[in-house]
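Me: I would like to learn how to read a few features of a structure with you. Could we go through them one at a time?

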Amino acid sequence: MTPLEQDDIPDALDWLSRNRQGTIFLEANLRKFGLSGDPYSVRIWRAGTRAMAGLTEAGVLLPQMTDATEDDWHALAQRLKGRTVTGMNGVPSQIARLRDLPGLAGAKASLDEVEPGFSLELSDLVMPRADGLRLAPIRAEDAAAMAAWRAAYMVEILGQDMAAAEPEAARQVARYRAEGSHRILWQEDTPVAFTGFNARLPGLVQIGGVYTPPDLRGRGFARAAVALHLAEARAAGTRTARLFAASDSAARAYRAIGFQRAGDVALVMFAEPRAVS
């Protein structure tokens, strides 16, 4: 597999747009952050028009290798030798192969799951009752509370340690504010749910990080937050949404607003960074 160069980006984005597998992080990160200069930037290797794989500067592996040959997989392993990996996500069969790489095999993970994927054409969005609810961007005065929610999400869903989650959550919420990617659902003056888009492409959004505090669950707040945010995106021209569900209750909420099953996604986060050997 050969490294992707700056001049190759347009062709790579065209290929990725026609070969979306698992998540859309590889395509979205390349489009937004390029090949270097940001934790979400991606170093990419490709095998002609068969396969592509990326490694973000933060160490997350993002394979798009459905049509890869055995030689391609071997070449990717060689490219990854000595590189640090913090996690990976994508099609389960591809993640299973990467999980067996020397240095990664048997590594302890804080998250290692296969989750159901869902897709929705926004013309089919089913709006739930949202009386007394409103959706709003994160304000400066909301940042501390949302960082606490995000840290709780990272501990509960991603299996992270709170001491590490808290500073990372604060950084992420600052980024959400700057990018306008996330929203708070309010019931009068009380925040009741949090939602956002963790990747965007022209006409397509991927939902992630949906959170409702435990004492507010079971009241439909998460589905209302997601639906209202998607209605906002639809009005701005977005046509399709994707997501993957971390629990059966989340899946039921997404089905209730029109989402349909669309494959599975494997998610791995290592307890400590690991080097491929």
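Reply: Gladly, and salt bridges come first: the term stands for a side-chain nitrogen of Lys or Arg within 4 Å of a carboxyl oxygen of Asp or Glu. Please keep in mind that this is a predicted model, where local features need pLDDT of at least 70 and side-chain atom pairs count only at pLDDT 80 or more, while totals for chains, interfaces and linings use all residues. Residues are numbered from 1 along each chain as its sequence is written, and side-chain values use heavy atoms, with hydrogens and water left out.

Me: How many salt bridges does the rule give?

Reply: The count is 16 salt bridges. One of them joins D8 to R46, with 3.6 Å between the closest N and O atoms. D8 sits in the loop between β1 (2-3) and α1 (9-18) while R46 belongs to strand β2 (residues 42-47), so this pair ties together parts 38 residues apart in sequence. Helices (H or I, at least four residues) and strands (E, at least two) are DSSP runs, numbered from the N terminus.

Me: Which residues are linked in a network of salt bridges?

Reply: Those are K32, D38, R175 and E179.

Me: Which residues are buried in helix α4?

Reply: In α4 (residues 92-99), the buried ones are Q94, I95, L98 and R99. They lie on the same side of α4, because their arc around the axis is only 140°, an arc being that of the directions from the helix axis to the C-beta atoms. Contact means heavy atoms within 4.5 Å. The elements that the buried residues of α4 pack against include β5 (84-90) and β12 (260-275).

Me: At what angle do α1 and α2 pack?

Reply: Axes are lines fitted to C-alpha atoms, for helices over the stretch in contact, and angles run from 0 to 180 degrees between N-to-C directions. α1 and α2 (residues 25-33) pack at about 150°, their axes 10 Å apart. That makes α1 roughly antiparallel to α2 (under 35 degrees is roughly parallel, over 145 roughly antiparallel, 65 to 115 roughly perpendicular, the rest oblique). Residues of α1 including L13 and L16 meet residues of α2, among them L26 and L30.

Definitions and conventions: Buried < 20%, exposed > 50% of the residue type's maximum accessible area, 1.4 Å probe, protein only.
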